[in-house]
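Please find below a short note on the model under review.

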Amino acid sequence: MDIIKQILDSFGGTLPNDSKTAAAIARNASPEEVSACATEEGLHALAGALFEACEEGGETNAALDSNVHVSEALVHRLQEFRQELPPECETARLIDAEARLEEISEAAQKEGLTSLATMLFEAEQEQGRAT
């Protein structure tokens, strides 16, 4: 899965259905257009992640699909999610403790953080294929 699709999938569950960004993703708009919508709507983490992926070559850069880059992207996304979580949240506590992905994913699922849980589940699957 290319990095841009991973980014869009990881944010998908957090976007309001009536947002311009969600509409752009639904119609398969370019990453640049999705990023512009996200910026306009104040979704800076999504806009920044897409901008970085586009700067690195996005879909055309095969190196971005390697497990090393996906892992780096995952760590970055976890930190972005962490910044938006209240400190008393179990998921935040586990991210801070650098717990295993499975533990963070379970806590995220229990706390209704569906997009985070999905992103972590996909990362776990990727790790399983790499080993």
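The numbered points below concern a predicted model.

1. The largest nonpolar core comprises 18 residues. Those with the most contacts inside this core are Ile4, Ile7, Leu8, Val34, Leu46 and Leu50. Two or more residues come from each of the helices α1 (3-12), α2 (20-26), α3 (31-40) and α4 (44-55). Helix α4 gives the most to this core, with six residues.

2. Surroundings of Leu8. Once neighbours within four places in sequence are set aside, Leu8 is in contact with Ile25, Val34, Leu46 and Leu50. Leu8 also belongs to the group with the most contacts inside the largest core, as do Val34, Leu46 and Leu50.

3. Salt bridges overall. The search of the whole structure returns five salt bridges.

4. Arg27 and Glu33. The side chains of these two residues form a salt bridge, with an N to O distance of 2.1 Å. Arg27 counts as partly exposed because its relative accessibility is 48%, and Glu33 is likewise placed in the partly exposed class, at 32%.

5. Arg77 and Glu80. This pair also forms a salt bridge, with 2.5 Å between the closest N and O atoms. The two residues are three places apart in helix α5 (residues 67-83), so about one helical turn separates them. Both Arg77 and Glu80 are buried.

6. Arg82 and Asp96. A further salt bridge joins the side chains of Arg82 and Asp96, at 2.8 Å from N to O. Because Arg82 lies in helix α5 and Asp96 in helix α6 (residues 90-96), the pair ties together parts that are 14 residues apart in sequence. The two partners fall into separate accessibility classes: Arg82 is buried, with a relative accessibility of 15%, whereas Asp96 is partly exposed, at 48%.

7. Cysteines. How many disulfides does the count come to? The count is zero. Cys37 is buried, with a relative accessible area of 11%. Cys89 is buried as well, its relative accessible area being 10%.

Technical notes
Residues are numbered from 1 along each chain as its sequence is written. This is a predicted model: local features need pLDDT of at least 70, side-chain atom pairs count only at pLDDT 80 or more; totals for chains, interfaces and linings use all residues. Side-chain values use heavy atoms; hydrogens and water are left out. A salt bridge is a side-chain nitrogen of Lys or Arg within 4 Å of a carboxyl oxygen of Asp or Glu. Buried means under 20% relative accessible area, exposed over 50%, partly exposed in between (1.4 Å probe, protein chains only). Helices (H or I, at least four residues) and strands (E, at least two) are DSSP runs, numbered from the N terminus. A disulfide is a pair of cysteine sulfur atoms within 2.5 Å. A nonpolar core is a set of buried Ala, Val, Leu, Ile, Met, Phe, Trp, Tyr and Cys residues joined through side-chain atoms within 4.5 Å. Contact means heavy atoms within 4.5 Å.
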